Amino acid sequence: MSPGDVALILFATFGILVVLRVPVAFALGLACVPVFFIDDRLTPFVLLQEMFKSYNAFVLLAVPFFLLAANLMNAAGITDRLVRLSQALVGHLPGGLGHINVMVSMLFAGISGSSTADAAGIGSLLIPQMQKQGYDTRFSVAVTACSSVMGVIIPPSILMVVWGGLMSVSIGGLFLAGVVPGILIALSMMATVYVYARIYDYPIYAQSSLRELGNAVAQAALALMTPLIIVGGIVFGFFTPTEASVIAVIYSLILGVFIYRSIAPRELPKILYDSARFAAISLFCIGTASAFGWALAYFQIPRALVAEIEAMGLGVIGTGIMVAVAFLVIGMFIDAIPAIIILGTVLWPVATSVGMHPIHFAIIGVISLAFGLVTPPYGLCLLIACAIGKIRVIDALRDVAILLVPMLLVLLLIILLPDIILALPRLVMPKFVN
Amino acid sequence: MGRSMIRKILGGYYRLLQILLTVLMAGLLIPVVLQILSRYTGIIPRYIWTEEIARFCFIWIVMVGAMIAVRDGTHFDVDLLPRLGPRADAVLRLFTHVAMFAVALIFVTYGYQFAKFGSIQTSEIAGLPMLAIYIAWPLAGLTWLAFLGEKFFEDIRILRGDIPPPPNHEIPRAE
């Protein structure tokens with residue numbers, strides 16, 4: 001059988017199963033099974049073996065730890081402190097709470113590596129407040145969901161840890177490369193909020209005095225140290241990403257239990273359980289996705305794809321756009337981590353063959369997948385925000401689409417001008433990033 | 001044994017898995033913390049088994065979490081199709097569960113071989129039997145068979161109109 005035929009079997013089986021609401025992890029595993037019977041040397045035993053191999057990667061330990069740290073930060077009331085700081089910083093702009101929402105997400109993104117914890121923590125705090133102040137619920141939900149995508153773009157980032165671990169790209173380099181796009185996305189979103197506020201006449205807060213601002217900074221200072229410790233520690237080689245994630249957990253535990261005293265020890269088992277379960281569901285997907293990716297590689301589908309695309313004669317920009325579209329589309333349907341395993345490994349040789357910088361390729365992929373967190377049918381952050389705002393996903397779509405337009409322009413800018421993202425890692429880590 | 005008895009046993013088993021998951025998460029944290037402490041402070045000696053214990057807990061977290069998520073229906077799925085009406089939805093749910101049942105069967109049959117393969121190995125550093133890890137696959141398969149069996153009964157009773165269909169799709173939550 002040709003690579004094309006095998007690819008058709010794999011993707012068609014997977015697609016049909018997913019449409020019929022079979023969970024993605026099971027659909028990926030089941031889609032591999034017919035392929036295992038094509039070749040006499042293969043049996044479904046490979047499925048289990050590949051799953052085991054994928055879980056045996058030490059770097060993946062960072063996933064549950066970063067989730068746990070984010071949940072601890074939420075439970076410790078760090079989000080409240082960041083809200084007060086954001087209010088002092090941007091509350092006086094038209095559409096105050098909208099800007100605060102974006103700003104908090106940006107600050108929280110610097111502390112946590114997960115967008116879903118961002119959407120859940122900030123949404124449950126700010127969506128009710130926005131509703132009380134007369135903001136349209138659909139808009140409040142859309143801003144919360146869209147701004148939470150920064151969680152995986154601004155370092156630390158679970159997606160970048162997985163990407164770096166899987167494709168041997170410097171995780172410190174990826175983290176640094178995520179800073180500028182994260183800020184650009186925040187600015188683009190604040191511009192949209194500003195336009196909304198002008199049209200719908202949304203309320204503003206009084207300008208904070210310098211004293212209030214100073215107070216808010218002092219209140220949030222310990223929490224704001226987290227990104228310095230984690231990102232600095234990884235970039236300057238003090239510790240590995242896995243260790244950094246554990247340090248984030250220890251730091252947030254100390255803050256929550258001993259310094260702010262906002263987490264009672266008896267709450268800890270529930271936080272542990274919730275983090276472990278959520279991590280397990282996405283990690284389980286990694287296993288079957290790896291088997292799926294293995295099947296693709298065994299039948300040399302990536303190589304066939306490289307040949308096809310080389311024949312098209314796309315340059316770096318053309319390939320960049322193709323990579324972005326591929327990740328945006330797959331991100332609509334499946335979770336980001338299995339998407340990295342399946343598409344990332346298929347497109348990696350393509351990107352290399354046109355001479356795209358590995359960090360450029362990774363950042364385009366991560367940002368596109370992050371946008372997938374708010375695009376239906378499978379947009380986790382949008383689902384969470386809608387559940388908090390108690391509206392249907394379909395009702396929030398118009399505002400999400402409007403907010404996404406400037407964000408997509410930022411993505412296009414990054415595809416066209418790789419130097420925007422590469423400058424920072426080149427400056428800070430000249431030895432590792434060329 | 002009556003139906004309610006089986007339900008109770010499965011409910012108890014589910015609760016046990018939840019406790020196990022919490023303990024495993026704590027168990028994952030402790031060895032890695034020890035590892036970091038020994039590396040940066042020298043307060044405690046450097047244990048070489050910490051990484052293996054962490055890996056062991058990690059794999060079990062993934063597998064136990066995957067078992068739990070089958071019973072409470074929180075594995076990620078994609079909601080593309082519109083609501084088709086109670087009967088058609090029940091048929092679809094039954095199909096979904098059959099597909100998952102097939103995966104569970106693969107896990108049980110090939111997992112048995114997998115565990116046998118593991119039973120002749122020990123881990124590189126601490127010399128732990130690898131069976132302790134590989135057994136997670138057939139166990140997950142068996143657990144799914146039990147939980148999915150429970151769901152089949154429910155689906156069929158919904159199809160026959162004995163009980164009302166469950167409320168709309170559950171939404172995965174991060175907290």
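Predicted model: local features only at pLDDT ≥ 70, side-chain atom pairs only at ≥ 80, totals over all residues.
**Reading the labels in a two-chain model**

Colleague: Why is B:E154 called partly exposed?

Modeller: The relative accessible area of B:E154 is 27%, and since buried means under 20%, exposed over 50% and partly exposed in between (1.4 Å probe, protein chains only), B:E154 therefore counts as partly exposed. Residues are numbered from 1 along each chain as its sequence is written, and chains are lettered from A and ligands numbered from 1 in the order in which they are written.

Colleague: What makes B:R7 and B:E154 a salt bridge?

Modeller: A salt bridge needs a side-chain nitrogen of Lys or Arg within 4 Å of a carboxyl oxygen of Asp or Glu, and the closest N and O atoms of B:R7 and B:E154 are 3.8 Å apart, so the pair qualifies. B:R7 lies in helix α1 (residues 3-40) of chain B and B:E154 in helix α5 (residues 136-159), 147 residues apart; helices here are DSSP runs (H or I, at least four residues), numbered from the N terminus. Through shared partners, salt bridges join B:R7, B:R71, B:E150 and B:E154 into one network.

Colleague: How do you know whether A:D39 and A:R41 are buried or exposed?

Modeller: The relative accessibility of A:D39 is 14%, so A:D39 counts as buried, whereas A:R41 has 68% and therefore counts as exposed. These two residues also form a salt bridge, with their closest N and O atoms 3.3 Å apart.

Colleague: Which residues form the salt bridge between chain A and chain B?

Modeller: The side chains of A:R277 and B:D72 meet at 2.8 Å, N to O, and this is the one salt bridge that the rule finds across the interface.

Colleague: How many residues take part in the contact, and what area do the two chains bury?

Modeller: Counting contact as heavy atoms within 4.5 Å, 60 residues come from chain A and 63 residues from chain B. The buried area, which is the accessible area (1.4 Å probe) that two parts lose on being put together, summed over both, is about 6,000 Å², with 79% of it on carbon and sulfur atoms.

Colleague: Why is A:G379 called buried?

Modeller: A:G379 has a relative accessible area of 3%, and therefore counts as buried. A:G379 sits in the loop between α18 (358-371) and α19 of chain A, and touches A:G372, A:L373 and A:V374, not counting residues up to four places away in sequence.

Technical notes
Heavy atoms only, no water. Helix = DSSP H or I, 4+ residues; strand = E, 2+ residues; numbered from the N terminus.
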